[in-house]
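Here is a short report on one protein chain. Please look over the sequence and the model before reading on.

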Amino acid sequence: MSSSSCSWLRLVGLALAAVLAAGCAATQTASPPAASTAAMPTAAAPVRVKVFVAAMFEIGQNTGDRAGEFQHWYERYWRSSAPIAVKGALGPVYCNADGVCGAVLGMGKVNSSSSMQAILLDPRFDFSESYYILSGVAGTPPSRGTIGMVSWATWLIDYDLGHRWAPEENTAGAPTFMPRKGYENYRRFQLNPALVGWAMKLSADTPLADDDRARAYRLRYPDAAARRAPFVGTGTHMTGDTFFHGPGLSKEAQYIAKLYGADDYVITEMEAAAITLVINRTHGTGRVMSLRGAVNFDQGNPRETTLAHLDPAPGETAGGFAETVLNIERVGSRVVDHIVANWPQWRGGVPPMQP
């Protein structure tokens, strides 16, 4: 090998060494220092939900106008809370610093239960220890309740799951309903009796609002229950997408409640059994409460047809709506506030009541 060849090789070697050194320097510069890596942001921890309050509709805004089912809850717990949009839910979720969250889920079984499922599956919320209050307005049979009353459910029953046929195709006066086999695990739910007991203990003496129109309206009915002032009670809540109405269907609802071994039917509503089914599939029903306030009777008075009661003349409505939605929150917030204030006792489950 000549001396010129050796010189050329030395030049090539020096050039390669320079390229490698530059590459190493670039690689070292691109790597962040250890301190910078430690300062990188991490995903926020999920909200640990202590109590979730569900309403089904709001009339307008969440505050400052005519109140629907959600407004009084919002004004008590979430005035300063930012909305958290949830994909698949009707409306946003609101949470406060105490772990009380709530949302409007939508009216009807599919609407409300699909919203509830979307919220339960959102990883930004931890529902592993949550209690639920499913709240809203409802109807009541005049033999069991009155306008402005508030009821905690002992049982939830799906009114729609079964067989029905026209009354004229049946023996006169006989029920036109037959349970359908295969629906046993989701046509009825007995809610936790210990939790219902706590709810009544904490809220039975809540002062309830009333108004003159509702007082006058009640006197159209001969039933002692219908003429009562608003009160807090318990019983079976019947969930149906059908707004069933009239003495015949009210009697059938009571028949279904007894057929299923439940307590007396006292409330007709459109969502609770479906929402509870969704909660049951992820967290069970042991911490579910259903709270409803009656804003109408499920039938007209004895001098009124069912159609006239469904489509009343101006000035012939029951009244008491504003007072009832206020009563729902007054009653329910007593339970919410107690659970939050005593979270160490409630976190692991419903505590025993002292005698």
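Is Phe297 buried or exposed? Phe297 counts as buried, because its relative accessibility is 0% and the cut-off for burial is under 20%. This value, like the others here, is computed from a predicted model.

**The chain overall**

The chain has 355 residues, and 48% of them count as buried. Its secondary structure comes to eleven helices and 13 strands. The accessible surface is about 17,200 Å². Carbon and sulfur atoms account for 58% of that surface. Consider contacts between residues at least 6 apart in sequence: 79% of these join residues at least 24 apart.

**Aromatic pairs**

The structure holds 18 aromatic pairs. One of them joins Tyr183 and Tyr186. Their ring centres lie 5.7 Å apart, with 50° between the planes, and the pair is tilted. Tyr186 is partly exposed, at a relative accessible area of 30%.

Phe297 also belongs to a pair, and its partner is Tyr217. Here the centres are 6.3 Å apart and the planes meet at 10°, so the pair is stacked. Why does this pair tie together parts that are apart in sequence? Tyr217 lies in helix α6 (residues 212–218) and Phe297 in strand β13 (residues 288–297), so the pair bridges 80 residues of sequence. Tyr217 is buried, with a relative accessible area of 5%. Phe297, at 0%, is buried too.

Ring pairs also build a cluster. Its members are Phe70, Trp73, Tyr74, Tyr77, Trp78 and Tyr94.

**Charges over rings**

Which charged ends sit over the rings of Trp198 and Phe231? The table gives both cases.

| Charged residue | Ring | Distance from ring centre |
|---|---|---|
| Lys201 | Trp198 | 5.0 Å |
| Arg228 | Phe231 | 3.7 Å |

**Trp198 and its neighbours**

Trp198 is found in helix α5 (residues 193–203). Trp198 is buried, with a relative accessible area of 9%. What does Trp198 touch, leaving out residues up to four places away in sequence? The list is His338, Trp346, Val350, Pro351, Pro352 and Met353. Take Val350 from that list. Trp198 and Val350 are 152 residues apart in sequence, but their C-alpha atoms are 8.6 Å apart in space.

**Nonpolar cores**

In soluble globular proteins, nonpolar side chains tend to be buried together. In this model, the largest nonpolar core has 36 residues. Trp78, Trp152 and Val336 touch the most other members of that core. Helix α10 (residues 321–341) gives the most to the core, with eight residues. A second, separate core has 31 residues, including Leu105, Phe125, Tyr132 and Val196.

Beyond four places in sequence, Trp78 touches Val53, Phe70, Trp73, Tyr94, Cys95, Asn96, Val100, Cys101 and Gly102.

Helix α4 (residues 109–120) has twelve residues. From first C-alpha to last, α4 reaches 16 Å, close to the 16 Å expected at 1.5 Å a residue. Which residues of α4 are buried? They are Lys109, Ser112, Ser113, Ser115, Met116, Ala118, Ile119 and Leu120.

Helix α7 (residues 247–259) has 13 residues. Its C-alpha span is 18 Å, close to the expected 18 Å. The buried residues in α7 are Ser250, Glu252, Ala253, Gln254, Ile256 and Ala257. What do the buried residues of α7 pack against? They pack against strands β7 (150–158), β8 (163–164), β9 (177–178), β11 (232–239) and β12 (265–269). Gly261 follows α7, and its phi is positive, near 75°.

Pro247 is also found in α7. Pro247 counts as partly exposed, because its relative accessibility is 47%. Outside the four places on either side in sequence, Pro247 is in contact with Gln299 and Thr306. Pro247 and Pro141 are 106 residues apart in sequence, while their C-alpha atoms are 8.5 Å apart in space.

Terms used: Residues are numbered from 1 along each chain as its sequence is written. This is a predicted model: local features need pLDDT of at least 70, side-chain atom pairs count only at pLDDT 80 or more; totals for chains, interfaces and linings use all residues. Side-chain values use heavy atoms; hydrogens and water are left out. Rings of Phe, Tyr and Trp (its six-membered ring) pair if their centres lie within 6.5 Å; planes under 30 degrees apart count as stacked, over 60 as edge-to-face and the rest as tilted. Buried means under 20% relative accessible area, exposed over 50%, partly exposed in between (1.4 Å probe, protein chains only). Helices (H or I, at least four residues) and strands (E, at least two) are DSSP runs, numbered from the N terminus. A charge sits over a ring if NZ of Lys or CZ of Arg is within 6 Å of the ring centre and within 35 degrees of the ring normal. A nonpolar core is a set of buried Ala, Val, Leu, Ile, Met, Phe, Trp, Tyr and Cys residues joined through side-chain atoms within 4.5 Å. Contact means heavy atoms within 4.5 Å. The expected span of a helix is 1.5 Å times one less than its number of residues. Accessible areas come from the Shrake-Rupley method with a 1.4 Å probe; for residues, only the protein chains shown count as cover.
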